[in-house]
Amino acid sequence: MPAANPAPHYVIIGNSIAGIEAAIAIRNRDRDARITVISGEHPHPYARVSLMYIFCGQLSLKDTQFYPEDLYDRMRFERIFERVTGVDVAGRRLALEGGRTVEYDKLLLAVGSVGRRLPWPGAYEADPAFLHHFVTLGDLRRLDAAAKPGMSVAVIGGGLIGVEAAEVLHLRGLKTHFLIREPFYFPVALDAAEANVVAEHIRHHGVDARTNAPVNGFRREGAKVVLEGPDLTVDLVVGAIGVEPATAFLRGSGVALNDQTGGVEVGDNLESTSAPGIFAAGDCAQVTWIDGSRRPEQLWYTARDQGRTAALAMLGDDVKYRRGTWYNSAKFFDVEYTTAGFIPYAAPKAGRAPAPTRAEDGWQTWYQRVPGSAVTQRIVVKDGSVKGFNALGTRWDHNVWMRWIHERRPLAWVLAHMNDARFDEEFIAPFAVLPSATLVNGA
Amino acid sequence: MQAGLLSTYQHPVRNRNGLAWALSALLMAFYLLLYFGKENYDAKDALTRYAHDPLNLLIVKLGWPTGDNGSLWVFNKWYLYAALYTLGMAIGGYFMLKKHGNSRYHRLRTYSLVSVQAILGFMLPIALDFAHRPAWYFSYFFPLKYDLFFPYNLDHMQATVAAWFIFGSFVGIPTLVYFKGKRAYCSWICGCGGLAETFGDPWRHLSSKSDRSWRIEQFSVYTVMFLAFAMLGMVLADGLSAPDSPIHGWANHYKEWYSLAIGAVFSGVLGTGLYPLMGTRVWCRFGCPMAAMLGLIQKFGRFRITAKKDMCISCGNCSTYCEMGIDVRAYAMAGKDIKRSSCVGCGMCAHVCPRGVLKLETSKDVGPHGEIQVWTLDL
C-alpha cells in the first residue's frame, strides 16, 4: 500500500494566549494535522495577567487556566513541557533543553516576553537574591518565596506591571516604595492631571509612590541593597521597567530580530521576513501599528488576534494582521482605566512618531474630574470631532467610543450621549458634564 | 484587586481542608438535630415531651419557662433556628460588605436580603404567633415553600393571605423575574439565597465549574422541580377526590417523603452543610425547584450579562467567584452575552472583573453594546 501524504506537522512554541489560539485555529480547519505545542513554563495555558492575583491569594494557578485541562486531549495537541534552546532554520528542526530535537513543517514563535533587565552594570552576574521581576511563573514563585511581611521593597518602573507588583507587595505587608523615573505616573497613557489622581490614590493606600525618582545603580550593604539616586535602603527590588521579547535563543539562527526591540521581524501575514515557514505572534512579534511604527504589541487581546491570524497564514491563507483602533484597559489599585482611540503620549518613546497635536492643527482637549474622587474623563478632539477617550474610575464600552470616533461625532454630541457608552454596575450616578469641565486648545 | 479577597486561598476554613470538613459536619449535625428530633405531643411534662427533640430539650434545660401543658408556645426550636439564621445572615452580611461594600449594587442587595429575613423571616412571624395569629413567612413562595398549599396550611389560611401566596407564586414573582431577572428573588429577597450570599460568601469560589457538574445540575434541579409540581398536582387531586379514594394515602406518603428527602435532607442538611466544601449555593443550584422555574422564565426574560467585546484578559476572577458554577470567563473571552437559567444575578462576576468587561442588564433594546467590528482610526 502506498504511503499517504503525511499530515503536516505544525509546531508552536509557547502555550499562552497567542500560541494556544493559533493551535485551536489550526485544528478547527485541519482535522488531521499534527500539532505540537511546546512550553517550558507551565503544562496548561494560564493567564499571565493574573500573576498578581495568584501572588495575593485571590486566585489559584488552576483558576487562571482559561481552557479546560483536557483541551490538549480534545484537540489532539501533542504536549512538550520543555524549553527550546535553538532553531535550525535550514534543517527545520528545534533543539530542546533535554537534548531531543523536534522536526517541523511550519513553526510558530509565540514565546512572549521576559521582564526587561535593569540596566545596571553587573547586576545579574551573581544572580542576586534581592533582584526580581514579575512577568513569568518562575518570577512569581521566586518573589513569593522571598517577600515576607515587614520587609521593604522598591518597585522600579512606572508602568502597569509596576503598579500591580506594588499593590500586591503592599497588601502582603511589605513597606513598598514605588519609584517612577518620569515626572508623573504612566506618561505613555495618562497626562499629568490623571496621573496625579492615580498617584494620590496609590499614596492613600500607604504606598510610597515617588515621581522624578530615577535609579542609577545599586550598592550592597550586608543583606540589604542601597539604591543610588533616591538613596533608599531596601530588602528587595522588583524591576518593572517593561518587557522585551524572549527571543534570545533565536540569535544567530537566521530568524531576523529587530536590533532595538528584539522582536521577530515579520511581514503583514506574521511570517518571518528572513525564514519562510516560521511565523511569530504575540509579544515577540515586531508588527506594524496603526500609526505606521513597528514594534511589539504587548497586549493580551492582540496576542489572541495575532495567534489566530498567524494560524491562517500557516494554513496557507492570504491574510494580513490589522490592529485597528487602539483600545486598552487597566486597573491602578482600585481605580479602573479605559481608553480608546488616539491619546497623545506625554513622554515620547523610541520608535514612536512625535504626537502631532498642536493647537494650530485643530487639536483640543476636554477634561473633567468629579471632585474628591478618582473619577476623570478626557476626550481628545481634532477639528471638532472626537479622536480619543481616557477615563479613570468608571467603566465604559470602548466599542461605542470607537464607533463615535469612526463616525466623526462632534464633541457636543458625544457629551450628550456619553451615558450610552457607560458600562458600570447598576445604581451608579450617570455621567454629567460638570461646571468645572475644561476645554483647552492643544492635546 | 478586591482587597477583601486577599489570601482567600491561604484561609484556614475556605479551602476544603480539615477545618472546613469539621465545620461542614457541624452544620449537618445541627440540621439533623433540627429536623429529626420529634416532639411527643401526648406527653404531660415538658422534659418527657421534648426527650427526643434535642434542640427543644436544650431550650428547656437552659431554663426557658414552659406552659402548663409543657409547651414551649412561642419560643420553640423553630424560632431558635430563625434567630440563629438571622444572626448568621447579619454577621455574614457585615463581613460580605467588608469585602465587597465598595459596590453600591452589593450594598443595596445585601441590605435587602438581611432586612427581608429580619422582618418577614423572623420578627413578623414571631409577632403573629404572640398575637395568636397564624405565623406566615410572607417572603417564601411555592414551589420553594413546598407545603404552602398542604391542607394543614390551607385550612387556617385567610383569603387575603392565600391570595398573596397564590399571586406571588404564580404571577408576581414570575413577572418580576421576567423583567428584572431571577436575581430579583434569588439575590434580593429569598432567605435561602440570603444565607448563601452572606454567611456562605466565604466559600463562593468552591463551586465546581466543570461541564460534568453542569450536567448533574440540569438533571437534578429539573427533577426536583418536576417532583414539586407533581406534589402540587397530588394535593389538588387529594382535595378533589372522594373521601374513600386511595389518592389520600398516596398523597400523604408522597408529601411525607418529599418533606423528608427534599425539604429536610436536600435543602437543609446538604444545602447548607456543604457550604464549606462545595460552595454556597448547593441547594439553589442543584435542588431548588423555585430557582429552576424562575430560571426558565429568566431564559425568556430580559435579564442578561453583557460581555464587552475584546476586552477580556482571561484572568479567571469571574468564573472563580461565580457561586453558581457558571464558567463566565468562557463567555467573556468569546464576547458573548450570558443568558443562563441558573444565573442568580448576584453581580459578583461584574464586580470582581478588573477590566469592567461584564454588565448586568435588563433594558429592552440591545443597546449600542451589541456589535463587533474592527475600527480604523484616521487622524
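Two strands are said to pair if DSSP finds at least two bridges between them. Helices (H or I, at least four residues) and strands (E, at least two) are DSSP runs, numbered from the N terminus. The views below show a predicted model, in which local features need pLDDT of at least 70 and side-chain atom pairs count only at pLDDT 80 or more, while totals for chains, interfaces and linings use all residues. Residues are numbered from 1 along each chain as its sequence is written, and chains are lettered from A and ligands numbered from 1 in the order in which they are written.

**View 1. The parallel sheet of five strands in chain A.** The open sheet has 5 strands in the order β9-β16-β10-β11-β12 (chain A), with parallel pairing. At its edges are β9 (131-132) and β12 (208-210) of chain A, each of which pairs on one side only. Within the sheet, strand β10 (residues 152-156) of chain A is joined by 4 bridges to strand β16 (residues 236-239) of chain A, and the two run parallel. Ile156(A) stands opposite Gly239(A) in β16(A).

**View 2. The antiparallel sheet of three strands in chain A.** Here 3 strands form an open sheet in the order β13-β14-β15 (chain A), and the pairing is antiparallel. The edge strands, β13 (217-221) and β15 (232-234) of chain A, each pair on one side only. From one strand to the next the twist averages 30°; axes are lines fitted to C-alpha atoms, for helices over the stretch in contact, and angles run from 0 to 180 degrees between N-to-C directions. Strand β14 (residues 224-228) of chain A is joined to β15(A) by 3 bridges, and these strands run antiparallel. Val225(A) has Val234(A) as its bridge partner in β15(A).

**View 3. Helix α1 of chain A and its surroundings.** The 13 residues of helix α1 (residues 17-29) of chain A should span 18 Å at 1.5 Å a residue, and the end C-alpha atoms are 18 Å apart, which agrees. The expected span is 1.5 Å times one less than the number of residues. A residue is buried if 20 or more other C-beta atoms lie within 10 Å of its own, exposed if 12 or fewer, and partly exposed in between, with C-beta atoms placed from the backbone. The buried residues of α1(A) include Ile17(A), Ile20(A), Ala23(A) and Ile26(A). The elements against which the buried residues pack are β1 (9-13), β2 (34-38), α3 (71-75), β3 (77-80), β7 (106-109) and α7 (300-314) of chain A. Of these elements, β1(A) is mostly covered, with 4 of its 5 residues buried. Strand β1(A) is joined to β2(A) by 5 bridges, and the two run parallel. His9(A) stands opposite Arg34(A) in β2(A).

**View 4. Strand β20 of chain A and its two partners.** Strand β18 (residues 264-265) of chain A and strand β20 (residues 285-288) of chain A pair in the parallel sense over 2 bridges. With strand β21 (residues 294-296) of chain A, β20(A) pairs in the antiparallel sense over 3 bridges. Gln286(A) is the bridge partner of Glu265(A), and Gln286(A) also stands opposite Pro296(A) in β21(A). The hairpin of β20(A) and β21(A) has 5 residues between the strands, and in it Gly292(A) takes a positive phi near 90°.

**View 5. Backbone angles in two loops.** Most residues other than glycine have a negative phi, and most peptide bonds are trans. Arg76(A), in the loop between α3 and β3 of chain A, has a positive phi near 55°. Arg76(A) is exposed, with 12 other C-beta atoms within 10 Å. In chain B, His132(B) lies in the loop between α5 and α6 and has a positive phi of about 55°. His132(B) counts as exposed, because it has 9 C-beta neighbours inside 10 Å. Pro143(B) has its place in the loop between α5 and α6 (151-154) of chain B, and the peptide bond from Phe142(B) to Pro143(B) is cis, with omega near 5°.

**View 6. The contact of chain B with chain A.** The contact takes 41 residues from chain B and 45 residues from chain A; two residues are in contact if their C-beta atoms, placed from the backbone, lie within 7 Å. On the side of chain B that touches chain A, the largest share, 3 residues, comes from α5(B).
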